[in-house]
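Look at the sequence and the structure below before reading on. The explanation after them goes from whole chains to single residues.

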Amino acid sequence: MDALNALVAFLNFVFIPAVAYGAQLAIGALGVTLVYGILRFSNFAHGDTMAFGTVVTIMVTWWLQAHGIGLGPLPTALLALPVGIAATIVLLLATDRAVYRFYRKQKASPSILVIVSLGVMFIMNGIVRFLIGVEEQNFADGERFVISAGDFRVWTGLAEGLAIRTTQAITLVTAGITVALLFWFLNRTRTGKSMRAFADNEDLALLSGINPERVVAITWIITAALATIAGVLYGLDKSFKAFTYFQLLLPIFAAAIVGGLGSPLGAIAGGFVIAFSEVMVTYAWKKVLGYLMPESLAPEGLVQLLSTDYKIAVSFAILIIVLLFMPTGLFKGKST
Amino acid sequence: MTPARPFLLFAAVAGLFLVTGFLQSWNLALQVLNMSLISAIMALGVNIQWGYAGLFNVGIMGFVALGGLAVVLTSAAPVPEGWAAGGPRIVAALVLGAATILAAVLLYRRMPNGRLRGVAVALVLAGGFFLYRFVFDPAVTAVEAVNPATAGNLGGLGLPSLVAWPMGGLLAAAAAWAIGKTALGLRSDYLAIATLGIAEIIIAVMKNEDWLARGVKNVISLPRPVPYEVDLQKDPGFIAWVEGWGWDPVSTSSIIVKLAYAGLFGLVLLALIWLSEMALRSPWGRMMRAIRDNEVAAEAMGKDVTARHLQVFILGSAVVGVAGAMMTTLDGQLTPGTYNPLRFTFLIWVMVIVGGSGNNWGAVLGGFLIWWLWVVVEPIGLWAVATITAEMPDGSWWKTHLQDSAAHMRLLTMGVILLLVLRFSPRGLLPEK
């Protein structure tokens, strides 16, 4: 019984939150890794792209709510998501046209492009604040739980409750569909194959008649969709705040690099590696260990390796270790 | 670039400050000038790293914050009760932590490659971590329990605040050494992400380690190198002097204090520019530029690229640390919650790029110009919104929304300026010769 309780506590406080967070990071990291693979620079504006897509989604959600349109038990934001994606696609294509294309024609070095993306980051951050301000916004509605902790206790008779929030379930389902579609597109369609060819060897791809501008445009379209989905899922699960989204940049980059920049499969693995490490290192294990150990040995302290404020240090430490010992990441991304 | 261009540009920027002084108030103009001087020093530090050596450091905020921490550790009043409660034990724990890392590094270097080495290093690190926490945690609890409302930390050394500025540089340099040792081998955009993370970690430590500098409870009333306004206003000699000129003692005292700060900051800035220019023109400077422009060729000529990168990374970070210490002294308080990468990292980068990377005077010019803009964009935005919305009916949604949003004009403007300069004048206002 104690072992079961320990397992349930572990699932409830560590596994489920980490899986949901990992899926959100993974979709974010997929966007970073695609831009890196095709356009060959680290896009510092990605966090703010996510914020922009989320803001548009939130505004449409409010409009729908005001008109009494909803999805019943599901959050209204899912209905607004396509509009958010469309707006982000327009924004990214416009940014590419106005900003990045010039440097692409010049074959500017990656560090110049990174600085350019800093400028884009400032502008997008400004737009986001202009649209919605700096306050925290909660926009999740509908049913809160798929399984609530109280119900679970009644059903199973265990002392520990297991709660699955709707937003966590939605995150996993949406992430699954998104990733499946993306991999189908990259591996099965002609356009997806031409994108992979372009990422592997630009010169050969150009020789075989692939239109680079089209590849770049499609990359931005997919990035916009991924960024908005990641942003909305994160916002539903937690909340939206412009500054938090900017700070998500670090775990997302960590995920993309740990998996291997330029490798979509790596981005997904990296997302879960980062999420699980963050949650496990900052979780207070007192409860779980309390069930597993005999009473005399039960821990007195919280058994927390690091306080939750050091989450960022965890993703960073993993990032550094991976960079130093296997610079191409777990899934052999690009090293140059 | 014509020889007159730097003078014209600096005169133009000086004109901006004069206009602020005449149109608004000299108090405000001096306040902006003081932060501009500090920003210019930060930009100088970034320029040393990026302009001389092409190192992409986006962890400026961390070094600024370390400079501020140095001010607390050096010039804040000591807290003897705190020290008695657990000071030596905390120091012992920190030494233990450093020894663990050292042992792990030595073990990694000495042992032959293989699984055994990985296990040994992991064991040393894990054992050291638990030992460190065992020694560290009770001491921290004890220290933080001492007068938590006013102290709860170890306090500083109580030295004069001017001593704290070089200390800020030293602390930042020490951190830069440790960071450089681990991260400098990475290529440019990895280094950028690594430094971004390190800066966040430094802020997280400063926010959470209350025993060090009270964390988010802030350390206030740090000593300052110039007299206090209230003391000046009480000084009969000062009052007689002010009245002789027919000025208002309150505003004059505040202007005098700001002028004194401006003088100190200006001296530091001039000294640093002089040193940087000398370094850039020396054989060392030529070597740095050679490394930046072609690492492989420089290495083939027998230059130790890694060592030079580490050196320049430490120097640039130290300059930023000095500026960070000066800023905390100017504020009179350390507030870890206010460090924000947009303001303390990316804005400094805008200064360097706009001013002209590789050119010390350019970085300084960028520091003055961009900080001035950062301050005035908000009132200008408010004014623009007021003009646009003047015709709109009161209480309309658009009017209130636009008025609320005018405050966010800053980031947008900085982004537009950065992109415009990168596009149309990529080498900045004062290009490298």
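Predicted model: local features only at pLDDT ≥ 70, side-chain atom pairs only at ≥ 80, totals over all residues.

Residues are numbered from 1 along each chain as its sequence is written, and chains are lettered from A and ligands numbered from 1 in the order in which they are written.

Begin with chain A. Its secondary structure consists of 14 helices and two strands; helices (H or I, at least four residues) and strands (E, at least two) are DSSP runs, numbered from the N terminus. The C-alpha trace of chain A spans about 70 × 55 × 40 Å along its principal axes. The radius of gyration is taken over C-alpha atoms, and the globule rule is 2.2 Å times the number of residues to the power 0.38. For 336 residues a compact globule would have a value near 20 Å, and the 21 Å of chain A agrees with this. Of those 336 residues, 45% are buried, a term that requires 20 or more other C-beta atoms within 10 Å of the residue's own; 12 or fewer make a residue exposed, anything in between makes it partly exposed, and the C-beta atoms are placed from the backbone. Two residues are in contact if their C-beta atoms, placed from the backbone, lie within 7 Å. In chain A, 76% of the contacts with a separation of 6 or more are between residues 24 or more positions apart.

Chain B has 18 helices and zero strands. Its C-alpha trace spans about 75 × 60 × 55 Å along the principal axes. A compact globule of 433 residues would have a radius of gyration near 22 Å, and chain B, at 24 Å, agrees. Buried residues make up 43% of the 433 in chain B. Among its contacts between residues at least 6 apart in sequence, 82% join residues at least 24 apart.

How do the chains meet? In all, 33 residues of chain B are in contact with 32 residues of chain A. On the chain B side, α6 (161-183), α7 (188-208), α15 (341-355), α17 (397-405) and α18 (409-424) each supply at least two residues. The largest share, 13 residues, comes from α7(B). By class, this side of chain B has 21 nonpolar, seven polar and five charged residues; Ala, Val, Leu, Ile, Met, Phe, Trp, Tyr, Cys and Pro count as nonpolar, Asp, Glu, Lys and Arg as charged, and the others, Gly among them, as polar.

Chain B is also divided into domain 1 (5-78 + 155-424) and domain 2 (79-154), with bounds that come from an automatic or database domain assignment. Their C-alpha centres lie 33 Å apart. The contact between them takes seven residues from domain 1 of chain B and eleven from domain 2 of chain B. The residues on the domain 1 side are four nonpolar, one polar and two charged.

Helix α3 (residues 60-75) of chain B is mostly covered, with 16 of its 16 residues buried. L310(B) is found in helix α14 (residues 305-331) of chain B. Is L310(B) buried or partly exposed? L310(B) counts as partly exposed because it has 19 C-beta neighbours inside 10 Å. Leaving aside neighbours within four places in sequence, L310(B) is in contact with G180(B) and L184(B). The C-alpha atoms of L310(B) and Q49(B) are separated by 9.8 Å, although the two are 261 residues apart along the chain.
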